[in-house]
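Please have a look at the sequence and the structure first.

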Amino acid sequence: YFLSFYALKRYNRNIDVISLLFFQFLIFAFVYFAYFTLTNQPINTIKHLKTLGFIFIVIATFRVLYLKMLKSYRNSGKNLRNIVIVGTNRNALNISDFFYEHTELGYKILGYFSNKNKNSENYLGRVENCFEYSLNNDVDEIYCSVSELSKDQIKAFIDFADNNLKVLKLIPESKNDFRNKMKVEYYDYTP
């Protein structure tokens, strides 16, 4: 738990899962052999490597099966996170496209809010309407395009998310939008 072996997110790539498994295997192998060294037991290297390999294969198989079953479960429309997107710039649309293409991640886009572009079937209203909509429609996460909001609006969204237990994610327009103490998450190539 303390080494974050099981801290997988909805959007982890396969390479992340493989690297976590490899790191877990190395730690487990170290502890495994340290036990035999500290207890002064005879070490039959081949026997212990076979045992360790078997344990690793079993753990890796269960982890992969679990993730496949979870993705399949989410693909069927269960365990969904309801999200709304505030803004309609290029990066907001990239995030939207990414979630539509990757249904196995379990995100359901309810629509978007914007003061600019109102020509879509998924248009839910102006930016100010997002707060009431989020409370009334069980929204889990709000994705906000930083370039379409003022600093006061961003602060209002941060306060709203904190007070109503919503996850707020800011979508930058460029690298200049990053601030200190921000954690950057990538969805494909979109920050």
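In this predicted model, five strands form an open sheet, in the order 3-2-1-4-5, with parallel pairing; strands here are DSSP runs of E with at least two residues, helices are runs of H or I with at least four, both numbered from the N terminus, and two strands pair if DSSP finds at least two bridges between them. Strand 3 (123–125) and strand 5 (167–171) stand at the edges with a single partner strand each, so one side of each lacks a neighbour in the sheet.

On sources, residues are numbered from 1 along each chain as its sequence is written, and side-chain values use heavy atoms, without hydrogens and water. Because the model is predicted, local features need pLDDT of at least 70 and side-chain atom pairs count only at pLDDT 80 or more, while totals for chains, interfaces and linings use all residues.

Within the sheet, strand 1 (residues 81–86) and strand 4 (residues 141–145) run parallel and are joined by four bridges, and valine 86 has cysteine 144 in strand 4 as its bridge partner.

Where does threonine 88 sit? Threonine 88 lies in the loop between strand 1 and helix 3 (90–101), and it counts as buried because its relative accessibility is 14%, where buried means under 20% relative accessible area, exposed over 50% and partly exposed in between, with a 1.4 Å probe and protein chains only. Neighbours within four places in sequence aside, threonine 88 is in contact (heavy atoms within 4.5 Å) with Leu93, Tyr112, Ser114, Asn117 and Glu148.
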